[in-house]
Amino acid sequence: MEFSKYKSLYIWMIIPMIFMQFGIFEDYWSDFSNKAWSVHIHYWTGTVWYIYLIIQPYFATHGQMARHRTNGIIGMFLAGGVCLTALSMMHRDIVTTEKALASPEQFGPFQPWFFFGVAAVEIVMITAFGFAVIKSIIHRKEIENHAWWLISTVFIIMMPALGRGIQNVYIGMNIKDWPTIDIMVPLYFTQILIMGMLLFGAWKYDKVKHPATYLALGVNLFIFFMEPIGKSEAVQLFLKGLIKG
């Protein structure tokens with residue numbers, strides 16, 4: 001690995017971190033005291049994971065490989081936490097579909113299909129995230145492969161946080177049209193933004209044709225089908241049977 005090429009990588013990794021925090025800031029911090037324990041744990045494991053993806057490239061490219069390896073072991077523990085806490089929260093999506101069905105006037109444009117769609121795409125994102133982390137472990141001695149598999153995880157799991165923030169802004173701008181607001185428009189914009197950041201990074205570090213890039217791109221393209229997936233009765237029945245409280 002030509003370390004001089006990657007010495008500024010840690011700086012570039014701050015950008016997706018800022019986008020993620022922008023997206024989740026109002027939703028998380030505005031109602032901090034009322035958030036469920038699982039939400040707090042997932043937020044902080046995810047945030048620390050992003051921080052690790054900033055400090056780890058710094059250690060690796062600034063003569064601190066021993067520290068990089070030690071923190072890498074801790075990082076794998078965090079990655080497991082991100083997956084497990086995300087899975088633990090999925091029952092909330094199913095419960096919310098029931099609330100949206102019972103009180104449609106309260107949820108407005110957020111009909112039950114939306115939350116079924118969220119649950120479906122989250123399963124794909126969590127699976128892809130876990131796969132990318134495992135691939136980074138398998139290729140830990142191939143530094144460039146190892147690094148890019150880990151970096152791809154940022155773009156695989158960015159949508160829920162960033163999408164929520166952009167969706168909130170979009171709804172605020174169009175609140176006069178409530179409840180007929182098209183809530184998918186801001187999510188489509190979110191996906192374009194995430195894929196733009198992914199492809200820019202892949203181009204900058206010559207990883208456009210890397211399998212991790214294809215995986216992250218595929219996950220974000222899949223999210224474009226969230227609405228028809230969420231409206232599928234077969235998918236709804238499957239999710240109700242799979243995710244139980």
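The protein chain, a predicted model, has 14 helices and 0 strands, where helices (H or I, at least four residues) and strands (E, at least two) are DSSP runs numbered from the N terminus. Read from the N terminus on, the elements run α-α-α-α-α-α-α-α-α-α-α-α-α-α. The radius of gyration is 19 Å, close to the 18 Å that the globule rule gives for 245 residues, so the chain is as compact as a globular protein of that length. Here the radius is taken over C-alpha atoms, and the rule is 2.2 Å times the number of residues to the power 0.38. Along its principal axes, the C-alpha trace spans about 60 × 35 × 35 Å.

Residues are numbered from 1 along each chain as its sequence is written. Local features need pLDDT of at least 70 and side-chain atom pairs count only at pLDDT 80 or more, while totals for chains, interfaces and linings use all residues; side-chain values use heavy atoms, with hydrogens and water left out.

Of the 245 residues in the protein chain, 48% are buried (buried means under 20% relative accessible area, exposed over 50%, partly exposed in between, with a 1.4 Å probe and protein chains only). Among contacts with a separation of 6 or more, 74% come from residues 24 or more positions apart, contact meaning heavy atoms within 4.5 Å. The chain exposes about 12,600 Å², and carbon and sulfur atoms supply 68% of this area, as given by the Shrake-Rupley method with a 1.4 Å probe. There are 18 positive and 15 negative side chains, and the centres of the two sets lie 12 Å apart. Lys and Arg count as positive and Asp and Glu as negative, with His and the chain ends not counted; each charge is placed at NZ of Lys, CZ of Arg, CG of Asp or CD of Glu.

The structure holds 19 aromatic pairs (rings of Phe, Tyr and Trp, the last by its six-membered ring, pair if their centres lie within 6.5 Å; planes under 30 degrees apart count as stacked, over 60 as edge-to-face and the rest as tilted). The rings of tryptophan 29 and phenylalanine 32 have centres 5.2 Å apart and planes at 5 degrees, so this pair is stacked. Tryptophan 29 is partly exposed, at 33% relative accessible area, and phenylalanine 32 is partly exposed too, at 37%. Another pair, phenylalanine 131 with tryptophan 149, is edge-to-face, with 5.8 Å centre to centre and 80 degrees between the planes. Phenylalanine 131 lies in helix α8 (residues 112–138) and tryptophan 149 in helix α9 (residues 143–156), so the pair ties together parts that are 18 residues apart in sequence. Phenylalanine 131 is partly exposed at 41%, whereas tryptophan 149 is buried at 4%. Tyr28, Trp29, Phe32, Tyr43 and Trp44 form one aromatic cluster.

Leaving aside neighbours within four places in sequence, isoleucine 171 is in contact with Phe110, Trp178, Ile181 and Ile183. One of these, tryptophan 178, is joined to proline 179 by a cis peptide bond, with omega near 10 degrees. Proline 179 is placed in the loop between α10 and α11 (184–204).

Most residues other than glycine have a negative phi, and most peptide bonds are trans. Aspartate 206 has a positive phi of about 55 degrees although it is not a glycine. Aspartate 206 lies in the loop between α11 and α12 (211–222) and is exposed, at 61% relative accessible area.
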